[in-house]
Amino acid sequence: MLIQNGIVYDGSFHPQRADVLLRGDRIAQIGGDLPQTDDVLDCTGCTVVPGFVDIHIHGGGGGDMADADPQSLQKMSRYLARCGVTSFCPASMTLPREALETQFAAVEAFKGSEEGARILGVRMEGPYISMEKKGAQCGDWIRPADIEEFRALHAISRVCAVDVAPETEGACAFAEVVSACCTVSAGHTAATFEQMQQGLLHGFSHGTHLFNAMPPIRNRDPGAVTALLCSDTATAELICDGFHNHPAVVRMAFRLLGSDRAVVISDSMRAAGCADGDYVLGGQRVFVRNGKARLSDGTIAASTTNLHEEFCNLLAWGIPFADALRACTINPARVAGADAHIGSIEPGKAADLLVLDAQNRIRYTIAHGTMMQTVSTD
């Protein structure tokens, strides 16, 4: 396929008028006067960007990783591709080991069968979290970080990132070992500023849905959020649906994190892309009203957004286009350890591309060289 006449955001995330030649599931060349093919996509008036990468998503399109079912995973894959996401990490919840083993095995068996977005690996959100900041996670199964359990699960299906509360028993010792094979993220944590700093010295390198399930910033008690923001290297996730975080807070975070450390996630549950109603997340009943998901006690329970919606929000909130784009593509790819293969438009990388019209609506999604059906932009 030859993609012609678009404005392409290249590997350095600079816009240029260029063509992109795809061969099979790979990007072959970028530039002008490229070899002609029988399959030409005219992108006049459009912008060509990398496919989005969601490294923290429980479900969408009516499916959820917790179903441990290939049909459910396929629903997620198709739904995400329609929303411009070409790679993702299905996220587990705080559950018994046996349930996690079943879910990990289902993900591993399903890999390679995706009809839309491709699975990079599993995201473990829990069970090694703080009871105080458990949010919508089930407290019955919270437990200290367990290297043996992690290794057993990682052996079933690759873990891209694991969430741990750095103040909990054995967390730093766990992170020092596990960080050799995946990203260790501070999440659902009541850590102090000093505890988070210690975590960053002992294997932690990322923050889970920043500001959410963490203590707020106080002038004499800055907490984990401040330690992550003040780090020179730590990355941090943001849910940018306008509900989990105020736009002003998101703008502040982007300014402090810079262009390379901000990561946009959906943290969505199965209701994403579906109607309001009653759903289940991690074994708990969730009530979705006006697109907002909550437990019966009012606790926020994941989201119903997607990365394209969040990308458009960021632009509306004043985030520069290239910074918003990096946060939805190469930055999450780097956290997942997949940036050598996805996340930017460069020769040799996966042919994962979005074509956006002048209003930044999705005109085409191309996942691993295959054109996908997209959500209606009417």
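Helices (H or I, at least four residues) and strands (E, at least two) are DSSP runs, numbered from the N terminus. The model is predicted: local features need pLDDT of at least 70, side-chain atom pairs count only at pLDDT 80 or more, and totals for chains, interfaces and linings use all residues. Residues are numbered from 1 along each chain as its sequence is written, and side-chain values use heavy atoms, with hydrogens and water left out.

**Exercise 1.** Determine where Val249 lies and whether Val249 is buried, partly exposed or exposed.

*Solution.* Step one: Val249 belongs to helix α7, which covers residues 247-261. Step two: buried means under 20% relative accessible area, exposed over 50%, and partly exposed in between (1.4 Å probe, protein chains only). Step three: the relative accessible area of Val249 is 27%, so Val249 is partly exposed. Step four: Phe211 stands 38 residues from Val249 along the chain, and their C-alpha atoms are separated by 9.1 Å.

**Exercise 2.** State how many helices and strands the chain has, and compare its radius of gyration with that of a compact globule.

*Solution.* Step one: ten helices and 22 strands are found in the chain. Step two: the radius of gyration is taken over C-alpha atoms, and the globule rule is 2.2 Å times the number of residues to the power 0.38. Step three: for 378 residues the rule gives a value near 21 Å; the chain has 20 Å, which agrees.

**Exercise 3.** Find what share of the residues is buried.

*Solution.* Of the 378 residues in the chain, 57% are buried.
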